Amino acid sequence: MNGRVDYLITEEEINLTRGPSGLGFNIVGGTDQQYVSNDSGIYVSSIKENGAAAQDGRLQEGDKILSVNGKDLKNLLHQDAVNLFRNAGYAVSLRVQHRLQVQNGPTGHRGEGEPSGVPIAMVLLPVFAFTIVAAWAFMRYYRQQL
């Protein structure tokens with residue numbers, strides 16, 4: 001295994017209705033306190049149990065929030081982003097980037113004889129062994145008949 005990790009990045013529009021405890025999640029990041037190296041984006045650090053985000057179920061810890069009600073979150077100080085969320089109103093539209101891990105380990109080319117990635121020897125060896133045992137049993141039975 002080479003330790004390689006591949007990600008599938010998707011974007012989604014999530015509409016939340018502010019509840020008694022707000023939107024129900026905390027954020028980290030910003031130009032003054034980067035959460036991800038070389039990225040001043042705003043990320044979800046935790047989801048509050050039974051909050052609006054938890055009840056909706058689509059927003060996840062680690063998601064990057066790209067915009068709030070159409071307002072881009074690029075190049076904002078952390079506190080400015082917090083204020084944007086606090087003043088977003090009752091119905092809030094979030095543009096979110098999900099980063100899903102899709103593979104961990106080496107990727108390789110499958111040969112013609114390996115339709116499912118199983119080496120051909122692992123298929124042929126048991127077949128060969130079965131053939132030998134069957135031939136031995138047949139010969140033993142045949143000799144008894146003579």
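Trainee: Hi! Which residues is Gly 29 in contact with, leaving aside its neighbours within four places in sequence?
Mentor: Hi! This is a predicted model, and in it Gly 29 is in contact with Tyr 35, Gly 41, Ile 42 and His 78.

Trainee: Nice. Where is Gly 29 found?
Mentor: Gly 29 is found in strand S2, which covers residues 25–29.

Trainee: And is Gly 29 buried or exposed?
Mentor: Gly 29 is buried, because its relative accessible area is 0% and the cut-off for buried is under 20%.

Trainee: How far apart are Gly 29 and Tyr 43 in space?
Mentor: Their C-alpha atoms are 6.1 Å apart, although 14 residues separate the two in sequence.

Trainee: Let's stay with S2. Which residues make up its covered face, and which its uncovered one?
Mentor: Phe 25, Ile 27 and Gly 29 form the covered face of S2. Asn 26 and Val 28 form the uncovered face.

Trainee: In what sense do S2 and S3 pair?
Mentor: S2 and S3 pair in the antiparallel sense, over 5 bridges. In that pairing, Phe 25 stands opposite Ile 47 in S3.

Trainee: New topic: the largest nonpolar core. Which of its residues touch the most other members?
Mentor: They are Phe 25, Ile 65, Val 68, Phe 85 and Leu 94, out of 21 residues in that core.

Trainee: Which elements give two or more residues to this core?
Mentor: The strands on that list are S1 (5–17), S2 (25–29), S3 (42–47), S4 (64–68) and S6 (91–104), and helix H2 (78–86) is there too. H2 gives the largest share, 4 residues.

Trainee: Arg 95 keeps turning up. Which residue does Arg 95 form a salt bridge with?
Mentor: Arg 95 forms a salt bridge with Glu 11, and their closest N and O atoms are 3.3 Å apart. That pair links distant parts of the chain, since Arg 95 is in strand S6 and Glu 11 in strand S1, 84 residues apart.

Trainee: How accessible are those two?
Mentor: Arg 95 is partly exposed, at 27% relative accessibility. Glu 11 is partly exposed as well, at 44%.

Trainee: How many salt bridges does the count come to?
Mentor: The count comes to 5 salt bridges. One of them joins Asp 39 and Lys 64, with the closest N and O atoms 3.1 Å apart. Asp 39 lies in the loop between S2 and S3 and Lys 64 in strand S4, so this pair ties together parts that are 25 residues apart in sequence.

Trainee: Is Asp 39 buried or exposed?
Mentor: Asp 39 is buried, with a relative accessible area of 16%, and Lys 64 is buried too, at 17%.

Trainee: Which residue does Asp 56 meet in a salt bridge?
Mentor: The partner is Arg 58, with 2.9 Å from N to O. Asp 56 is partly exposed at 29%, and Arg 58 is partly exposed at 32%.

Trainee: Last one! Where does UniProt place the feature "transmembrane region"?
Mentor: The UniProt record, an unreviewed entry, places that feature at residues 120–139. In this model the chain over residues 120–139 is 100% helix and 0% strand, with the end C-alpha atoms 29 Å apart.

Conventions. Residues are numbered from 1 along each chain as its sequence is written. This is a predicted model: local features need pLDDT of at least 70, side-chain atom pairs count only at pLDDT 80 or more; totals for chains, interfaces and linings use all residues. Side-chain values use heavy atoms; hydrogens and water are left out. A nonpolar core is a set of buried Ala, Val, Leu, Ile, Met, Phe, Trp, Tyr and Cys residues joined through side-chain atoms within 4.5 Å. Buried means under 20% relative accessible area, exposed over 50%, partly exposed in between (1.4 Å probe, protein chains only). UniProt positions are given in the numbering used here, feature names are shortened, and annotations may be inferred rather than shown by experiment. A salt bridge is a side-chain nitrogen of Lys or Arg within 4 Å of a carboxyl oxygen of Asp or Glu. Two strands pair if DSSP finds at least two bridges between them. Contact means heavy atoms within 4.5 Å.
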